[in-house]
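Here are a few exercises to work through with the model open in your viewer. Try each task before you read its solution.

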Amino acid sequence: MPITSKYSDEQVETILTEIAAVLDKHESSSELTLMIAGNIATNVINTNVAAKQRKSIAEKFSQALISSIDD
């Protein structure tokens, strides 16, 4: 069953394009880009999710990431 987002594809693509431009500007390697993405995810979870739910949210996030990777 497909997941329906409350965010439009256009909104997501606009933000991704802007973030990609910043990473390109700084000539960020794949390793640094992944490190930054991980730090952002950690910060969002630690500052916006109740302590009791953090591990569960992180596990769901990691499963979603794994599911979205092409084999």
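## Exercise 1: the fold

The chain has three helices and zero strands. This is a predicted model.

**Task.** Work out the order of elements along the sequence, and find out how the radius of gyration of the chain compares with the globule rule.

**Solution.** 
- Step 1: reading along the sequence gives you the pattern α-α-α.
- Step 2: the radius of gyration is 14 Å, while the globule rule gives 11 Å for 71 residues. The chain's value is well over that, so the chain is more spread out than a compact globule.
- Step 3: for the extents, take the C-alpha trace along its principal axes, and you get spans of about 40 × 30 × 25 Å.

## Exercise 2: H2 against H3

**Task.** Describe how the axes of H2 and H3 cross, and list the residues that meet.

**Solution.** 
- Step 1: two packed helices are described by the angle between their axes and the distance between the axes.
- Step 2: here the axes of H2 and H3 come within 10 Å, crossing at roughly 150 degrees.
- Step 3: as for handedness, the H2 and H3 crossing is right-handed.
- Step 4: with contact meaning heavy atoms within 4.5 Å, H2 brings Ala41, Ile45 and Asn46, and H3 answers with Arg54, Ile57, Ala58 and Phe61.
- Step 5: sort that contact by class and you have five nonpolar residues, one polar and one charged.

## Exercise 3: the largest pocket

**Solution.** 
- Step 1: the largest pocket has a volume of about 700 Å³, and 20 residues line it.
- Step 2: helices H1 (9–25), H2 (30–48) and H3 (54–68) each supply at least two of the lining residues. H2 has the largest share, with nine residues.
- Step 3: nearest the pocket's centre lie Leu16, Ala37, Ile40, Ala41 and Phe61. Ala41 and Phe61 also turn up in the H2 and H3 contact.

Technical notes. Residues are numbered from 1 along each chain as its sequence is written. This is a predicted model: local features need pLDDT of at least 70, side-chain atom pairs count only at pLDDT 80 or more; totals for chains, interfaces and linings use all residues. Side-chain values use heavy atoms; hydrogens and water are left out. On a 1 Å grid over the protein atoms alone, a cavity is a set of points where a 1.4 Å probe fits but cannot get out, and a pocket is an open set with protein on both sides within 12 Å along at least five of seven lines; lining residues have an atom within 4 Å of a point. Grid points are joined across faces, edges and corners, and a volume is the space filled by probe spheres set on the points. Helices (H or I, at least four residues) and strands (E, at least two) are DSSP runs, numbered from the N terminus. Axes are lines fitted to C-alpha atoms, for helices over the stretch in contact, and angles run from 0 to 180 degrees between N-to-C directions. A crossing is left-handed if the near helix is turned anticlockwise from the far one by less than a right angle, and right-handed if clockwise. Ala, Val, Leu, Ile, Met, Phe, Trp, Tyr, Cys and Pro count as nonpolar, Asp, Glu, Lys and Arg as charged, and the others, Gly among them, as polar. The radius of gyration is taken over C-alpha atoms; the globule rule is 2.2 Å times the number of residues to the power 0.38.
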